[in-house]
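User: I would like to learn how to read a model like this one. Please take me through a few features in turn.

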Amino acid sequence: MYDAVYPFLIEPFAKMWTDMPLFFAETVISGVMAGVMYSLVALGFVLIYKASGIFNFAQGVLALFAALTLTGIMDNFGAPGWLAIILTVAIMFGLAWLIQKLVFNHLINQEPIILFMATLGLAYFLEGAGDIMWGSDVKVVNLGIPQGASQWLLDGPGLYVEKLEIVAAVTAAILVTALTIFFQKTRIGRALRAVADDHQAAMSVGISLEKIWIVVWAVAGLVALVAGIMWGTKSGVQFSLSLIALKALPVLILGGFTSVPGAIVGGLIIGVGEKIAEVYWGPALGGAIENWFAYMLALAFLLFRPQGLFGEKIIERV
Amino acid sequence: MTQTASSPAPETAAASPLLKVNNIEVIYDHVILVLKGVSLDVPEGGITALLGANGAGKTTTLKAVSNLLRAERGDVTKGSIEFKGDRIDHLSANELVKRGCIQVMEGRHCFEHLTIEENLLTGAFTRRDGSSAINHDLDMVYGYFPRLRERRTSLAGYTSGGEQQMCAIGRALMSRPTMILLDEPSMGLAPQLVEEIFEIVKKLNEDEGVSFLLAEQNTNVALRYAKYGYILENGRVVMDGVAAELRENEDVKEFYLGVAGEDRKSFRNVKAYKRRKRWLA
């Protein structure tokens with residue numbers, strides 16, 4: 001058994017690690033960075049799913065819409081970056097309010113599948129709205145986020161790392177820290193977790209579900225904006241951006257739908273996993289496995305650990 | 001002794017009761033008629049028990065008052081509910097808590113993944129009087145439930161049933177209510193714990209002036225601590241009276257307290273009783 005597996009599973013790594021440690025490190029780092037980008041999208045899913053039980057198919061489109069709005073404001077009105085970001089945040093908050101008032105207030109007590117279909121509709125609506133408002137050509141995000149390789153790392157240990165990816169990783173770290181503090185320490189954050197635990201009990205102590213859900217959608221919109229900026233800087237703001245939502249699915253299955261740390265760790269595992277798989281196993285399997293590796297991993301998880309790595313701990317008193 | 005739902009306001013109720021439920025009808029899902037005209041009063045500073053078997057409509061009555069019904073597709077279709085003299089049937093639960101009427105739900109419903117202390121703090125969600133007042137009340141709750149102070153950092157999901165019940169009552173107290181709708185506090189608890197919880201309810205009633213509307217299946221305990229009682233059957237109030245008198249009533253003894261008289265009633269008489277009751281309701 002061991003002899004059969006060794007040349008395929010272990011040997012490439014052992015050899016690469018000893019022969020080309022830098023290349024291995026670069027692969028892992030680029031995987032981590034890609035993973036952070038996935039995590040940013042997955043995070044938006046988790047927030048909404050946890051608090052309201054809605055699987056928000058529109059999360060990817062939300063990121064697209066935010067990025068479109070940001071570039072639209074900057075290109076059409078010549079607003080400076082910081083002002084455009086503030087305006088976009090305001091628009092995303094307004095959108096959260098509208099979504100709750102116009103869509104989900106009318107769907108209280110409906111089946112999850114109906115809520116899911118509503119988000120599907122929302123996704124197409126937002127895509128169309130973004131198109132009508134800002135046009136469908138590929139746009140460039142001009143926020144002055146540094147591009148290209150980090151000279152410092154290239155000169156020092158000789159690693160090739162994109163500056164944008166470092167910025168993305170740092171931003172994600174700040175975002176997650178801020179969210180954690182918000183959830184753990186503030187009154188609204190506590191109410192949010194209470195709603196996630198038990199809707200009825202939350203209502204009974206006077207927490208207004210409607211308000212909490214607006215907050216959740218607003219935070220998800222904020223996360224979507226960050227994701228939109230990062231992806232937009234990397235590959236331009238184009239409509240295929242909404243498809244990154246699909247890449248977030250395996251991340252969610254890995255990390256668990258209800259766990260914020262799960263979304264981060266899941267994203268990292270998928271990111272690193274697919275890069276390593278491509279480089280080391282790709283040749284053996286005919287290449288281009290980066291595209292489906294994440295889904296295979298998710299499938300394996302569904303079979304053996306359906307709640308994901310960090311899925312809701314099921315509390316049972318004995 | 002008063003025995004019917006249509007009897008005039010009981011002596012214990014002052015001129016205008018704190019809570020006045022007037023002939024309400026509740027329908028679930030537009031078709032299922034659950035309450036068929038329930039009326040009851042809770043006086044200021046009273047403990048009023050709502051008794052009856054499974055499915056009699058106790059929980060529905062409480063949820064109609066606290067307005068948690070709509071989340072279960074229930075609707076009050078007839079009658080009126082007044083709290084402190086104002087109609088409240090169309091207020092949200094959130095608004096009601098602000099006005100001082102809060103429900104402790106059946107089965108405790110603590111937030112399992114929050115610590116005991118965080119659970120208590122969620123009860124203060126609607127308050128706007130600053131953290132020092134809230135901390136003061138947190139101490140007050142810990143004073144009544146010393147056990148919660150010991151377990152303040154444990155996740156509520158890992159605490160015992162009794163502790164969860166205390167947590168649920170304490171959480172409601174944190175909203176500084178004038179009235180608590182307490183649904184089945186004895187459910188699944190050891191007799192000694194039930195006694196302990198009811199003692200605290202009594203103390204809260206006397207020291208903090210909180211009024212209680214108490215839904216219970218444990219008729220014996222409930223009638224010892226309540227001042228007035230209503231008995232529900234099939235969505236109707238079939239009997240009401242001062243608790244002490246209800247305890248002595250032959251029918252209540254027979255059907256709810258499980259104490260048979262000297263000679264067992266024959267089945268014929270039981271049927272006669274049921275018939276009479278239906279007619280009265």
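User: What does the accessible surface of chain B come to, and what share belongs to carbon and sulfur atoms?

Analyst: First, a caution: this is a predicted model. The accessible surface of chain B comes to about 12,400 Å². Carbon and sulfur atoms hold 48% of that surface.

User: What secondary structure does chain B have? And how many of its residues count as buried?

Analyst: Chain B has 11 helices and 10 strands. Its length is 281 residues, and 55% count as buried. Look at contact range too. Take contacts in chain B between residues at least 6 apart in sequence: 69% join residues at least 24 apart.

User: Is Gln165(B) buried or exposed?

Analyst: Relative accessibility is the number to read, and buried means under 20%. Gln165(B) has 0% relative accessibility, so Gln165(B) counts as buried. This residue is found in helix H6 of chain B, residues 161-173.

User: Which residues does Gln165(B) touch?

Analyst: Leave out residues up to four places away in sequence. Gln165(B) then touches Val104(B), Arg108(B), Leu182(B), Glu184(B), Pro185(B), Leu189(B) and Ile197(B).

User: How is the size of an interface given?

Analyst: Often as the accessible area lost when the parts come together. Here, chain B and chain A bury about 2,700 Å² between them. Carbon and sulfur atoms account for 54% of that area. In residues, 32 of chain B are in contact with 23 of chain A.

User: Now helix packing. At what angle do the axes of H2 and H11 of chain A cross?

Analyst: Read the angle against a range: 65 to 115 degrees counts as roughly perpendicular. H2 (residues 21-52) and H11 (residues 244-255) of chain A cross at roughly 75°, their axes coming within 8 Å. That makes H2(A) roughly perpendicular to H11(A). H2(A) contributes Tyr38(A), Val41(A), Ala42(A), Phe45(A) and Val46(A) to the contact, while the H11(A) side includes Ile244(A), Lys247(A) and Leu252(A). By class, the contact has 10 nonpolar residues, no polar and one charged.

User: How do H7 and H8 of chain A pack?

Analyst: H7 (residues 163-185) and H8 (residues 187-197) of chain A pack at about 80°, with axes 5 Å apart. These two helices, H7(A) and H8(A), are therefore roughly perpendicular to each other. Among the contact residues are Phe182(A) and Phe183(A) in H7(A), and Ile188(A) and Arg190(A) in H8(A). This contact has four nonpolar, two polar and four charged residues.

Note on methods. Residues are numbered from 1 along each chain as its sequence is written. Chains are lettered from A and ligands numbered from 1 in the order in which they are written. This is a predicted model: local features need pLDDT of at least 70, side-chain atom pairs count only at pLDDT 80 or more; totals for chains, interfaces and linings use all residues. Side-chain values use heavy atoms; hydrogens and water are left out. Axes are lines fitted to C-alpha atoms, for helices over the stretch in contact, and angles run from 0 to 180 degrees between N-to-C directions. Helices (H or I, at least four residues) and strands (E, at least two) are DSSP runs, numbered from the N terminus. Angles under 35 degrees count as roughly parallel, over 145 as roughly antiparallel, 65 to 115 as roughly perpendicular and the rest as oblique. Contact means heavy atoms within 4.5 Å. Ala, Val, Leu, Ile, Met, Phe, Trp, Tyr, Cys and Pro count as nonpolar, Asp, Glu, Lys and Arg as charged, and the others, Gly among them, as polar. Buried means under 20% relative accessible area, exposed over 50%, partly exposed in between (1.4 Å probe, protein chains only). Accessible areas come from the Shrake-Rupley method with a 1.4 Å probe; for residues, only the protein chains shown count as cover. Buried area is the accessible area (1.4 Å probe) that two parts lose on being put together, summed over both.
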